[in-house]
Amino acid sequence: MNKVAIAAAALLLIVFLALPGIVGTIAEGNVRDRVAAIDASYGADAELTSFDKGWFRSTARILLRPENADQLAAAAGTDLGVLGELPVVIELAHGPVAMLDGVYFGWSTFVARPDLEVPSVAELTQKLGVPYLFQFRGRTPYVGGLSFDADAPPFTLPLDEGVVTFSGGTAKGKFAGQRLEADAQVASLDLTSPMGTFAVRGVQASADNELRSEYVMPGEASFSIASISVSEPQGTTPMFETANLRVKSDVDLDAAGELADMRVSYDVDSVRFAENEVTAGSLGLTVTKLDVAAVEAYGTIASDAAAGADPDAITASLAPHLERALRAGPSLTLDPIRFRYDGEPFDGRVEITTNPARLPPAGTLALDNPLLMLSVVNTKADLRMSKTLAGQLATLSARMQLATDPTIPPEQLDYMAEAQSGLMMTMLVGQGVLIEESDGYRTSVDYTDGSLTLNGNPLPFGLQ
């Protein structure tokens with residue numbers, strides 16, 4: 001019995017000691033696959049320059065480059081340094097008991113950071129006074145998937161005529177299959193110079209998405225900034241500031257995974273520039289029946305266009321995908337469109353739908369026929385605003401027109417613009433373009449199947 005127990009223990013020990021090597025081989029394959037996926041994606045080139053595999057530990061080195069690094073450097077007029085070519089070193093520990101900055105019970109753990117053995121990275125790290133530019137730490141549990149956390153440390157960077165102050169940033173999340181759940185935040189970023197101060201506060205982002213491809217990611221995501229401000233030197237009141245900017249998106253696929261519905265909302269509590277202020281701003285965007293295959297194809301075509309592909313070839317390849325997208329009957333709705341300008345309200349709604357029945361026979365859609373395209377698209381718009389806001393917009397329009405006349409003295413521009421704005425509003429109401437209400441104006445436009453109506457009245461032209 002003792003011999004059986006000893007043999008079982010010896011076998012278990014052999015398996016336990018062999019597992020790290022097996023896990024290391026799997027980890028190497030995963031690293032190579034991930035680098036190949038990054039290199040194949042639009043936006044970045046990636047190269048695995050070395051992989052030193054040990055029994056319990058391995059080290060990989062990767063070179064990352066923005067896909068258009070040369071063009072970016074030419075536009076900036078200078079070498080981008082580590083921003084143009086970022087060497088990253090990844091230290092991996094193999095399980096089932098992985099030891100790297102502590103003990104982890106799982107298949108593997110790793111730490112990725114810019115490679116300090118590269119002079120440019122070491123120089124920038126020393127200049128910023130940080131231990132590393134960023135760290136990405138990942139763990140692979142026994143149940144599979146990946147959990148991670150990352151951070152970029154705070155720094156203060158003196159410039160020739162200013163200083164950049166960064167609070168540091170953090171992120172954490174998990175990745176299982178194709179699903180990513182993550183949160184990230186940055187407390188503050190300040191750029192101070194003799195020209196003034198640019199300050200950002202409270203940046204937060206979250207994602208819960210299925211990464212089907214670069215262009216199709218069903219799920220929910222959000223992004224928010226507590227405040228942005230631009231101030232003059234010694235200024236007590238910012239020249240520009242915005243408070244509580246928020247963006248949320250939600251993308252769903254149908255049961256077949258062929259059509260997507262997307263909802264995006266943009267909200268801001270206030271935006272102020274000089275003496276002008278917009279408050280309670282909201283914009284809702286809803287897109288339905290968006291053909292997934294057409295979106296994928298459009299993304300690839302857009303990448304080819306950015307890479308300098310032949311414009312004629314791009315146009316020719318775009319037509320069949322646009323036709324496919326239109327045959328699904330997509331729609332786009334902007335609702336609400338709402339804000340207050342200096343306290344005066346504006347709200348509206350715009351709906352754009354398609355009528356696939358008006359498409360030409362399959363394969364004959366021509367992008368160079370705008371009248372044909374217009375006959376497929378229907379639009380409805382309803383807008384409302386206060387009388388005060390309408391008058392302000394009319395005055396602004398009149399002033400812009402009068403400013404082009406060099407014979408008008410500058411001191412008379414405002415007076416003449418206000419006089420013309422009153423006449424303009426009276427004319428628009430008289431012609432039925434605007435409908436006057438007790439406290440404001442409204443207008444409604446309907447373009448359906450080539451016929452156009454304004455406030456319910458047909459206009460004497462169409463595209464039928």
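On a 1 Å grid over the protein atoms alone, a pocket is an open set of points with protein on both sides within 12 Å along at least five of seven lines, and its lining residues are those with an atom within 4 Å of a point. The structure described here is a predicted model. Its protein chain has 464 residues, of which 30% count as buried. The secondary structure of the protein chain consists of eight helices and 24 strands.

**Chain as a whole**

- About 26,700 Å² of accessible surface is computed for the protein chain, and carbon and sulfur atoms account for 61% of this area.
- Taking contacts in the protein chain between residues at least 6 apart in sequence, 49% link residues at least 24 apart.

**Largest pocket**

- The volume of the largest pocket is about 1,400 Å³.
- Its lining is made up of 40 residues, and those nearest the pocket centre are Arg34, Ile38, Phe110, Phe136 and Leu146.
- By residue class, the lining of the largest pocket holds 28 nonpolar, eight polar and four charged residues.
- Helix H1, which spans residues 2–40, is the biggest contributor to this lining, with 10 residues.

**Largest nonpolar core**

- The largest nonpolar core has 13 residues; the members that touch the most other members are Val31, Val35, Leu48, Phe51, Ala60, Ile90 and Leu92.
- Two or more residues of this core come from each of H1, strand E1 (44–53), strand E2 (57–66), strand E3 (86–94) and strand E6 (108–114).
- Strand E3 contributes the most to this core, with four residues.
- Beyond four places in sequence, the contacts of Val35 are Ala46, Glu47, Leu48 and Ile62.

- Glu323 belongs to helix H5, residues 311–327.
- The relative accessibility of Glu323 is 9%, under the 20% limit, so this residue counts as buried.
- Outside its sequence neighbours up to four places away, Glu323 touches Leu359, Pro361, Ala362, Gly363, Thr364 and Leu365.
- Ser375 belongs to helix H6, residues 370–376.
- With a relative accessible area of 9%, Ser375 is buried.
- Ser375 makes contact with Arg358 and Tyr447 when residues up to four places away in sequence are not counted.
- Arg358 is 17 residues from Ser375 in sequence, and the C-alpha to C-alpha distance between Ser375 and Arg358 is 7.0 Å.

**Strand E18**

- Thr333 sits in strand E18, residues 331–341, and is buried with a relative accessible area of 12%.
- Contacts of Thr333, not counting residues up to four places away in sequence, are with Gly284, Leu285, Thr286, Arg349, Val350 and Glu351.
- Pro336 is also placed in strand E18.
- The peptide bond that runs from Asp335 to Pro336 is cis, and its omega is near 5°.

**Positive phi at non-glycine residues**

- Lys289, although not a glycine, has a positive phi of about 55°.
- The position of Lys289 is in strand E17, residues 276–291.
- Asn455 is not a glycine either, and has a positive phi of about 55°.
- The loop between strand E23 (451–454) and strand E24 (457–462) holds Asn455.
- Asn455 has 15% relative accessibility, which is under 20%, and therefore counts as buried.

**Strand E10**

- Val163 is found in strand E10, residues 162–166.
- A relative accessibility of 24% is over the 20% limit and under the 50% limit, so Val163 counts as partly exposed.
- Val163 and Ser193 are 30 residues apart along the chain, and their C-alpha atoms are separated by 6.6 Å.
- Apart from neighbours within four places in sequence, the contacts of Val163 are Thr156, Leu157, Pro158, Asp190, Leu191 and Thr192.

Notes:
Residues are numbered from 1 along each chain as its sequence is written. This is a predicted model: local features need pLDDT of at least 70, side-chain atom pairs count only at pLDDT 80 or more; totals for chains, interfaces and linings use all residues. Side-chain values use heavy atoms; hydrogens and water are left out. Buried means under 20% relative accessible area, exposed over 50%, partly exposed in between (1.4 Å probe, protein chains only). Contact means heavy atoms within 4.5 Å. On a 1 Å grid over the protein atoms alone, a cavity is a set of points where a 1.4 Å probe fits but cannot get out, and a pocket is an open set with protein on both sides within 12 Å along at least five of seven lines; lining residues have an atom within 4 Å of a point. Grid points are joined across faces, edges and corners, and a volume is the space filled by probe spheres set on the points. Ala, Val, Leu, Ile, Met, Phe, Trp, Tyr, Cys and Pro count as nonpolar, Asp, Glu, Lys and Arg as charged, and the others, Gly among them, as polar. A nonpolar core is a set of buried Ala, Val, Leu, Ile, Met, Phe, Trp, Tyr and Cys residues joined through side-chain atoms within 4.5 Å. Accessible areas come from the Shrake-Rupley method with a 1.4 Å probe; for residues, only the protein chains shown count as cover.
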